[in-house]
Amino acid sequence: MTRQRGLSVRLKLALSYAGFLMIAGALLLAVVYAFLLRYVPAEAMASEWTFFPGRTDLVRAFVPAAAWALLFLLVFALVGGWFLAGRMLAPLTRITSATRAAAAGSLSHRIRLYGKSDEFTELADSFDAMLAQLEAHVAQQQRFAANASHELRTPLAISQTLLDVARKDPDHDHDEVLGRLHSVNARAIELTEALLVLSRTEHGTFATERVDLSLVAEEAAETLLPLAEKRGVAIETAGEAATTIGSPALISLLTTNLLHNAIVHNLAQGGSVTLTTSPATDAAVLVVENTGSPIGDDLLATLTEPFQRGEQRARSDHAGVGLGLAIVKSVVKAHGGSMRLAARDGGGLRVAVRLPLATDAAAGAPAGGNA
């Protein structure tokens, strides 16, 4: 926005100091005149031995001295006010420089204003915290965009290769090519839909209603039972009714993704998955535990990052697109909940999700999510 140039804050403060000091000086002189000079007789009195000046004489002698005093106060106030205003506004200059650097794209810049707590240090600390969050968010978005581009480029490149092979070799088995193209295209669609869901949950644009986590867990177990049987994984659901307020579709997606992840990243044979729901003091709790390979702390810290697939990124028939736990994390955050991942002692993973417990007040709340 283009603004007309005005007086600087420093000059305004200096003028304010000078004006205040001049008014105070004038009031002091007025008090002297009102409470002292008015008791002096108007005319001078003289005798053989003494002389008493009158009010006129005193005023004639007092006014020039008072004028010089006010002039000195004006100069002193302007110079002193300019200096003091500069000292006071120095932190604001650093904050302005940091703001301009951030606007130019330098999110790594920090003010780091030292000193005791006051309005300027609180503003600087808040601005530094905002810059840190923005830098982390931008880095996450850039990393996500790079990963998404890489993941989407892979099926497109495979499709291009298959088409080139089919065009160069007319006698090639087209049914095989069509089958592989269908598989690659289905994977690209699955990835695109997952990206759209992730974007939707991050913006928090969804309607809410009461959702019983125990019923959602049972539905997810029934849906993924064929996959579990194919992989030799036993599914067990247990727990009490735990009602929360949220989007039924997104909470169902959350539970399905957790269960799918637990089934896929499990033991080759004889694995198991347990889904447990329970109401807590202020939350509805869903816990998903699965057997599997031991998980290190370094890997555990990255499992909720997009496009992470456990210990390896190899493709398989149900390997997913690497957004399962990332979507779960986003759905939990959009519902104002929390998620905690922990490695099991014998191998495998334990995921505990806490969502706000449904109350009568919450039931009457307007629809919408909190991103």
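Buried means under 20% relative accessible area, exposed over 50%, and partly exposed in between, with a 1.4 Å probe and protein chains only. Keep that handy for the exercises below. The model is predicted, so local features need pLDDT of at least 70 and side-chain atom pairs count only at pLDDT 80 or more, while totals for chains, interfaces and linings use all residues. Residues are numbered from 1 along each chain as its sequence is written, and side-chain values use heavy atoms, with hydrogens and water left out.

**Exercise 1. Sort out the salt bridges of Glu-289.**

Step 1: A salt bridge is a side-chain nitrogen of Lys or Arg within 4 Å of a carboxyl oxygen of Asp or Glu. Searching the whole structure this way turns up four of them.

Step 2: Look at the partners of Glu-289. One is Arg-344, with the closest N and O atoms 3.2 Å apart. Glu-289 sits in strand β7 and Arg-344 in the loop between β8 (338-343) and β9, so this pair ties together parts that are 55 residues apart in sequence. Helices (H or I, at least four residues) and strands (E, at least two) are DSSP runs, numbered from the N terminus.

Step 3: Arg-350 is in strand β9, so here the parts tied together are 61 residues apart in sequence.

Step 4: Glu-289 has 27% relative accessibility, so it counts as partly exposed. Arg-344, at 30%, is partly exposed, and Arg-350, at 31%, is partly exposed too.

**Exercise 2. Work out what the salt bridge between Asp-282 and Arg-354 connects.**

Step 1: Get the distance: the closest N and O atoms are 3.3 Å apart.

Step 2: Asp-282 is in the loop between β6 and β7 and Arg-354 is in strand β9, so the pair links parts 72 residues apart in sequence.

Step 3: Compare with the cut-offs. Asp-282 is exposed because its relative accessibility is 53%; Arg-354, at 34%, is partly exposed.

**Exercise 3. Take apart the largest nonpolar core.**

Step 1: Define it. A nonpolar core is a set of buried Ala, Val, Leu, Ile, Met, Phe, Trp, Tyr and Cys residues joined through side-chain atoms within 4.5 Å.

Step 2: The largest core has 37 residues, and Leu-254, Leu-258, Leu-259, Ile-263, Val-273 and Val-353 touch the most other members.

Step 3: Ask who supplies it. Elements giving at least two residues each include α5 (213-223), β6 (271-279) and α9 (324-334). The top contributor is α7, with seven residues.

Step 4: Zoom in on Val-273. Contact means heavy atoms within 4.5 Å. Beyond its neighbours within four places in sequence, Val-273 has contacts that include Leu-259, Ile-263, Val-288 and Glu-289.

Step 5: Look at α9. Eight of its 11 residues are buried, so this helix is largely enclosed by the rest of the structure. Among the buried ones are Leu-325, Ile-327, Val-328 and Val-332. After α9 comes Gly-336, with a positive phi near 70°.

**Exercise 4. Describe the nonpolar surface patch and the aromatic pair.**

Step 1: Patches use residues with over 30% relative accessible area and no salt bridge; like charges are joined within 9 Å, and nonpolar side chains (Val, Leu, Ile, Met, Phe, Trp, Tyr) within 5 Å. Areas come from the Shrake-Rupley method with a 1.4 Å probe, and for residues only the protein chains shown count as cover.

Step 2: Read off the patch. It covers about 770 Å², with Leu-7, Leu-15, Trp-68 and Leu-71 among its residues. Helix α2 gives the most, with six residues. Leu-7 belongs to the segment before α1 (9-35) and is exposed at 52%.

Step 3: Turn to the rings. Rings of Phe, Tyr and Trp (its six-membered ring) pair if their centres lie within 6.5 Å; planes under 30 degrees apart are stacked, over 60 edge-to-face, and the rest tilted. The count comes to one pair: Phe-72 and Phe-76, stacked, at 6.0 Å centre to centre and 20° between the planes.

Step 4: Phe-72 is exposed at 55%, and Phe-76 is exposed at 52%.
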